[in-house]
Each structure stands twice: as C-alpha cells, then as structure tokens.
Amino acid sequence: MRALTWTAMSPPSMVVSQTATSTVKFRRISLRRDRVYVRATASSSAAVSGGGVVEAVELVEIGERSKKWKWKGEYSVNYFVKDSPEEVTPASQTVLLVHGFGASIPHWRRNINALSKNHTVYAIDLLGFGASDKPPGFSYTMESWAELILNFLEEVVQKPTILIGNSVGSLACVIAASESQRDLVKGLVLLNCAGGMNNKAVFDDWRIKLLMPLLLLIDFLLKQRGIASALFNRVKDRENLKNILTNVYGNKDNVDDTLVEIIAGPANSEGALDAFVSILTGPPGPNPIKLIPEITKPVLVLWGDQDGLTPLDGPVGKYFTSLPDQLPNFNLYVLQGVGHCPQDDRPDLVHERLLPWLAQLSST
C-alpha cells in the first residue's frame, strides 16, 4: 500500500458478468519441493475483463445480503456472507475476503460467485471503509484491523478460515495469522501484499528513505484540517480517481465509471476524512518480513507484475518472490500484465490458481 495514492491501493468496483474468452499460458520459472513459481500470461480479445467468463455479483445483491456485527460492542462492521449451493464436502473451505485501502466488499464482486460454488464466502468492510463505521477520533492501525479480523472469526465465522487479502488487507491477514492462538486461521492467500499502512514502512529502500523528510512534512500538513480537507476533496474527485485507478490496473478496461463511483461513495460518508488522515499519518505497522517466518499455515501468494505500488523489484516484492525457495508452506505465482489489485484486474488468472489451491488443502 502506498498512502499517497489513497484510492489506488485496493479500489472496489462492480461490473456484471463478462462474456469474453481467453487463452491462458503458463511459463515455468522454477520448481522446488513441489512449490511452483511461474509467470501467468494471457492472450484475449475481451473488452471488459481482459479474460475469460467471470460471473460477477450485482451490487444490489451485496447490499441485500450484507449484515452488521458490533465489534467490541461499540463499532458497527459491515459484512457479507454467501454459502455454497452445493452440499458441503471435505474439499469445501470457509474463506474471508479482506479488501485493501480505499476499497470495500464490492471489490470482490468478480470473485464471490466463483468461490461460493464450493466454499462458504465471507467478506468484510474494515473499520473506516465501505459501510462500516468511521468513528471520530479513532486511531487506525494495522494491529487494530488484525484484531478486528480475529474477533470476527471468533464471534461470527466460528470455524477455521482461510484469509484472502489484497494490499493492506493482505498485511492485516498476515498480522492476524501470526497472532492467532486458537487455530482460527487455516491458511492465507496474499494478493500483492502491502509493506505497511502507509509510505513510512521502510524496507531498506533508498527511494523511501530519500523521501522520508517529504513524507514527514506531508504528515504535518495533513494534520492541519483545512489542508487535509482540500487534499481529500481533490483525491476523491471522480476525474482524478479515474486517472489514479488507470495507473493501478493493468487491465484498463476494468477502470470504468462504476468502479470510480463505488470508491467515491464511501469517501463521501461521515468520518471518511478523519480515517484518511489517520491512516496516512499513523504508524506503518509491523514489518511483514519479520512476521512471515512465524506463519506455518499454507500460504498462496499472487502478484501482478505491473504493480507500481508494491513492485516486484522493490524490497517487499523481492522478499515475497524469494519465499518459495526458503519456506515449504509457500506457493507463489506472478501474474503478467496485472496491476496492484489482481482479483478485480484479472479475476480469471486469480481463479486459475486460487481455486485448485483451495481444493487441495483438504488433502494436506
């Protein structure tokens, strides 16, 4: 996640089912201990999704099926659940979808139906986003989101769950998995995992270190209410949002007016400005590089190679691409031509790897 491009981190959108076809090719890069690291590419004539047929959930259905849960008896948290229409089998899993910065449950609309054919799917709006509360004065941290996830698993889901996160949502899932003491987390799926809640997460990256004085100045300016409000209004302007999103997605066809509107909607709700400022100026959170070795559950990592926010050649990307050769529980696939939000950018490529991985967990 990179805080200076708030709406670009993990934006939501909603588009009805696609009708195009594609050919997916996989070029093997390395193979060790049966853990494959490949680049996935696709040729396609699709005008919208850039891939195969993907049945998306309508925004109306997401709204109608959403429920509220009181976190700590105080904060209203919005969540969605969809059960598999098929009979539960040993291969069926329970998954929780955790969006990234600036996003919400609808960002998973292209994945929910594919997952719910055989699995029970939960999705959540993190506090400060979507239809969840944005309480005044709340200090947003990565640790608080991880705590929310674990409490949700314990109080609502009540069974071992596979956490699937994008960007800062991935990092929240990593923290939750590293802190879980009751086997609430059965596995992890990380889509372009963020290095921190904001740009102050330094992983020996000379570029961030060079910018640190500027980042601290921005923190100071954002704490001035008038300046923060002016910047926030500029960021959530629909034309600006579309330009930002175009730079975040590899598949530009999926950056449409509906996507922009879904991001802009929650950004206009009460408390959104306070959340924006708190997240940008708060602590970056725990370093995932220190947490990953503590996780022994199965982990699937999917990474779009066109991600300019957490690029493959950056410190976070380099670390994650090195993991299959170091840790036996890690599988990694690089998705070619895909940006920071693979699940919405190219859901067909994500499903190509995610669904078989979920199915084989029952036998491991």
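**Close-up 1. The right-handed crossing of helices α3 and α4.** In this predicted model, helix α3 and helix α4 cross in a right-handed sense. The axes of α3, which spans residues 142–157, and α4, which spans residues 168–179, come within 8 Å and cross at roughly 65°, which makes α3 roughly perpendicular to α4.

**Close-up 2. The residues that form the contact between α3 and α4.** On the side of α3, the contact is made by Met-142, Trp-145, Ala-146, Ile-149 and Leu-150, and on the side of α4 by Val-168, Leu-171, Ala-172, Cys-173, Ile-175, Ala-176 and Glu-179. Sorted by class, the contact of α3 with α4 has 11 nonpolar residues, no polar residues and 1 charged residue.

**Close-up 3. The salt bridge between Asp-344 and Arg-110.** The side chains of Asp-344 and Arg-110 meet in a salt bridge, with a distance of 2.4 Å from N to O. Asp-344 lies in helix α12 (residues 342–345) and Arg-110 in helix α2 (residues 109–116), so the pair ties together parts of the chain that are 234 residues apart in sequence. Asp-344 is buried, with a relative accessible area of 0%, and Arg-110 is likewise buried, with a relative accessible area of 0%.

**Close-up 4. The salt bridge between Lys-297 and Asp-183.** Here the side chains of Lys-297 and Asp-183 meet in a salt bridge at 3.4 Å, N to O. The pair links distant parts of the chain, 114 residues apart, with Lys-297 in the loop between α10 (288–291) and β9 (299–304) and Asp-183 in the loop between α4 and β8 (185–191). Lys-297 counts as partly exposed at 29% relative accessibility, whereas Asp-183 is exposed, with a relative accessible area of 54%.

**Close-up 5. The salt bridge between Glu-261 and Arg-238.** In this view the side chains of Glu-261 and Arg-238 meet in a salt bridge, at 2.9 Å from N to O. Glu-261 belongs to helix α8 (residues 257–267) and Arg-238 to helix α7 (residues 238–248), and the pair, 23 residues apart, links distant parts of the chain. Glu-261 counts as partly exposed at 38% relative accessibility, and Arg-238 also counts as partly exposed, at 38%.

Close-up 6. For the model as a whole, the count comes to 10 salt bridges, among them the pair of Asp-344 and Arg-110.

How values were computed:
Residues are numbered from 1 along each chain as its sequence is written. This is a predicted model: local features need pLDDT of at least 70, side-chain atom pairs count only at pLDDT 80 or more; totals for chains, interfaces and linings use all residues. Side-chain values use heavy atoms; hydrogens and water are left out. Axes are lines fitted to C-alpha atoms, for helices over the stretch in contact, and angles run from 0 to 180 degrees between N-to-C directions. Helices (H or I, at least four residues) and strands (E, at least two) are DSSP runs, numbered from the N terminus. Angles under 35 degrees count as roughly parallel, over 145 as roughly antiparallel, 65 to 115 as roughly perpendicular and the rest as oblique. A crossing is left-handed if the near helix is turned anticlockwise from the far one by less than a right angle, and right-handed if clockwise. Contact means heavy atoms within 4.5 Å. Ala, Val, Leu, Ile, Met, Phe, Trp, Tyr, Cys and Pro count as nonpolar, Asp, Glu, Lys and Arg as charged, and the others, Gly among them, as polar. A salt bridge is a side-chain nitrogen of Lys or Arg within 4 Å of a carboxyl oxygen of Asp or Glu. Buried means under 20% relative accessible area, exposed over 50%, partly exposed in between (1.4 Å probe, protein chains only).
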